[in-house]
Every structure is written in C-alpha cells, then in structure tokens.
Amino acid sequence: MRMLILGGTVFLSRAIAEYAHRAGHDVTCVARGISGTVPAGVHHLRLDWDDPAAMATLRGETFDVVVDVARRPSQVRRFVELLGEGTGHWIFVSSISVYADTTVPDGGVGVTPLLPPLAADADETDVANYGSAKVSCEDAVRQAVPGRELIIRAGLIVGPGDPTDRFTYWPVRLARGGEILAPGDPADPVQIIDVRDLAAWIVAAAERGLRGTFDGVGPVISRGEVLERIADGIGVRPRLTWVEQDFLVKHEVQPWSGERSLPLWLPLPEYAGMMTRDWVPARHAGLTARDVAETARDTLAWHRQRPDDHRWLAGLTSQQEAELLAAWHRR
Ligand SMILES: NC(=O)c1ccc[n+]([C@@H]2O[C@H](COP(=O)([O-])OP(=O)(O)OC[C@H]3O[C@@H](n4cnc5c(N)ncnc54)[C@H](OP(=O)(O)O)[C@@H]3O)[C@@H](O)[C@H]2O)c1
C-alpha cells in the first residue's frame, strides 16, 4: 500500500510509520522534522503543515491510505482539500477528549455526548480547546471523505518514546525503590494503551480498510493491578503507601500530569468516565493490549537511554514525595 502519514517523527505517528514500513508498505511521512526523525527506510517530506504553498506540492498525489494526527482544524481542512479526493482510506487519530462528559463511567462511541465543534473565532492552538478542536477535525474528515474514514479516539497512550512521562514516571519510580506514594484507592480504574499496540492496530486497520469510529483504548484495570504489573515487569517488590485522594487534593498534588503531579491518578467521581471507556468494540475490530509488565519493562529500558538531566513533565520529585509521605504519616 502507498501510505502517507501526516506526522511520523515522534511517538504514535512514528510507531505507525515503523510498523507500516516493516509490513512492507511504501510509507511517506510529512513533518517538519523538529520533533525527531522518521524511521529508517521511510520517505520524509519536510513540510510545514501551516505553509499553504509548501503543502500545495502534495496536490494531485494519490494514496491508498492517509494517517492524520493533527490537532488543528485548519490543518485538517487543508489536508482533506489537498488529498481527500485522491485517497482511498483516511485514518484520523482523534482523542477521548472529544467527549463532553468526563463523569459518567463506562461510556462508548455514540453513548457519551461530544463537545461542540470549535467556534470559528476560537484559538485552535489553545490547549484548553483541544477537545473541541478534535471534534472539528473529525467533522472535516467525515465531510470530505464520507464512508472512507476511520476515526480513532485514543485514550492515554503509553510506552517507549512517550514524551509526556504520564506512564514513564511509574516504572522509573518503582525501580528507584524506598517507600512509594501511590495515589487514591488501589481499586480505582486505570485505562492505558501501549503505543505499539495502537500503531499495529492502525496499520492492520489500514490493510483491512476498517471504517467507522472507535475509542482506541485498552482494557480497564485497577491502579493496584497496574502497579503490580509494572513491578513484575521490572522485577521489583515495591513498598507502596496508598494515600487518599482528599489528602492529595488538600496538599495541592496535581492529577494526571505537570509539576507536583501523580500520573495515572484522576480525582473521582469527577473523572470517572476518563479511564473506563468501553474497549470491546476496538477489541472486536482487532485491537490487542499487551501485558502492562511488558510495557513497563520496555519503557524503563527506553527511559534509561534518555539524558540524565531529562526534564520531567509529570510526577513528584523525591523531595515532594518524601514531604507528602511524612505529612500523611503525621496526620
Ligand atoms: N499521547 C496521548 O496519550 C494521546 C491521547 C489521546 C490522543 N492522542 C492523539 O494521538 C496523536 C499522537 O500523535 P503523535 O504521537 O505523533 O504526537 P503528536 O505530538 O500529536 O504529533 C506530532 C507529529 O506531527 C508533526 N507536526 C506537528 N505540527 C506540524 C506542522 N506544523 N508541520 C508539519 N508537521 C507537524 C510532528 O512533526 P515535527 O514536529 O517533526 O514537524 C510530529 O511528527 C495525536 O493525534 C494526539 O492528539 C494522544
């Protein structure tokens, strides 16, 4: 297959390029090349999606499949205008952030309402508009290539190459040992998908011509089990201290990501819908989810090749964690 990937220099889109190339497809990536490099053996067109004149060089090209990971509606509109007609199958990677209600557990495609599309005068680069921007991107794809589109609303993507640290924190933290602050209740739900599983599924979906809209999520497992699988994967026996979410909130620990945060933790019930989405439709359509132990082992190995002065984008520092644990034991 002749496949065009809009992206391909980092994480998911790079993994898709790698799997597609490995499967024998003729892969071209369109990216500036500032986030990284494309995999070996893949063609790289160094173009800026926001440069209309440069992008116009793609007009008239034909592809069996386009994979598009853009976040801005203006970019997706440009892509479909240039390439929609000449493309057999359009795969758009969206996000579960398109859903308007994060509180209701066990949601699914067609069940949970969507955010409104982004208003015409809204700033599409503002991260606060990410969900609505993805809704508008989806709409642009559906309108331009009706019946030829596959929309995958990804949940939390993790694994080697993840630039966000939203999972990496845990294998690295468990590997360091000592008393470890674990957030909330061990029974709280967690839902992740390994980047390699999602990428392999997207390539297989391209080969089969899969159409429709799916949540690209893995099975729901408890946070206690996730930490257990991580520990197994990296061969440690962690000393976990589970700290109630009210204490974390009171001590200004951030959920999910950023400074002074605890990844894989979202306060309940406000976010009960974020990590409990129905993965059965995707599983029936071919998505598989590997053991978290394997994800953890490979993520730790990948992390150990990063520079020592890597600036963490999520998690607690050792000092913050020690202070929080001391306060928890004093309470
Ligand atoms: N990570 C998660 O947990 C998560 C969760 C839900 C959904 N998603 C979705 O999953 C997808 C992830 O994609 P990803 O891993 O490839 O990371 P990404 O950061 O979304 O994609 C970046 C890719 O797009 C290229 N790009 C960005 N702006 C460009 C521009 N102006 N011109 C040319 N190329 C440009 C980048 O290349 P250069 O910078 O090198 O040009 C890079 O290859 C996204 O659609 C995201 O919304 C992610």
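Reader: Which side chain has an N or O atom 3.1 Å from a nitrogen atom of the ligand?

Author: That is Asp48. The pair is a polar contact, meaning N or O atoms within 3.5 Å. This is a predicted model: local features need pLDDT of at least 70, side-chain atom pairs count only at pLDDT 80 or more, and totals for chains, interfaces and linings use all residues. Residues are numbered from 1 along each chain as its sequence is written, and side-chain values use heavy atoms, with hydrogens and water left out.

Reader: Which backbones have a polar atom by an oxygen atom of the ligand?

Author: Val10 has one 3.2 Å from a ligand oxygen. For Gly33, a backbone N or O atom lies 2.9 Å from a ligand oxygen.

Reader: How much of the ligand does the protein bury?

Author: The protein buries 88% of the 890 Å² that the ligand exposes when taken alone. Those areas come from the Shrake-Rupley method with a 1.4 Å probe.

Reader: Which elements give two or more residues to the shell?

Author: Helix H1 (11-22), strand E5 (87-95), helix H4 (130-144) and strand E7 (156-158). Helices (H or I, at least four residues) and strands (E, at least two) are DSSP runs, numbered from the N terminus.

Reader: How many residues are around the ligand, and which come nearest?

Author: There are 29, and Ser13, Arg32, Ser35, Arg71 and Tyr130 come nearest. A residue counts as near if one of its heavy atoms lies within 4 Å. The shell divides into 13 nonpolar, ten polar and six charged residues. Here Asp, Glu, Lys and Arg count as charged; Ala, Val, Leu, Ile, Met, Phe, Trp, Tyr, Cys and Pro as nonpolar; the others, Gly among them, as polar.

Reader: New topic. Where is Pro269, and what is the peptide bond from Leu268 like?

Author: Pro269 sits in the loop between strand E15 (261-262) and helix H9 (280-284). The bond from Leu268 to Pro269 is cis, with omega near 10°. Most peptide bonds are trans.

Reader: What about phi at Asp106?

Author: Asp106 is not a glycine, yet its phi is positive, about 60°. Asp106 lies in the loop between E5 and H4.

Reader: What about the whole protein? How many helices and strands?

Author: Eleven helices and 16 strands.

Reader: What is the radius of gyration?

Author: The protein has 20 Å, which agrees with the value near 20 Å for a compact globule of 331 residues. The radius is taken over C-alpha atoms, and the globule rule is 2.2 Å times the number of residues to the power 0.38.

Definitions and conventions
Polar contact = N/O pair within 3.5 Å; in protein donor to acceptor, adjacent residues only side chain to side chain.
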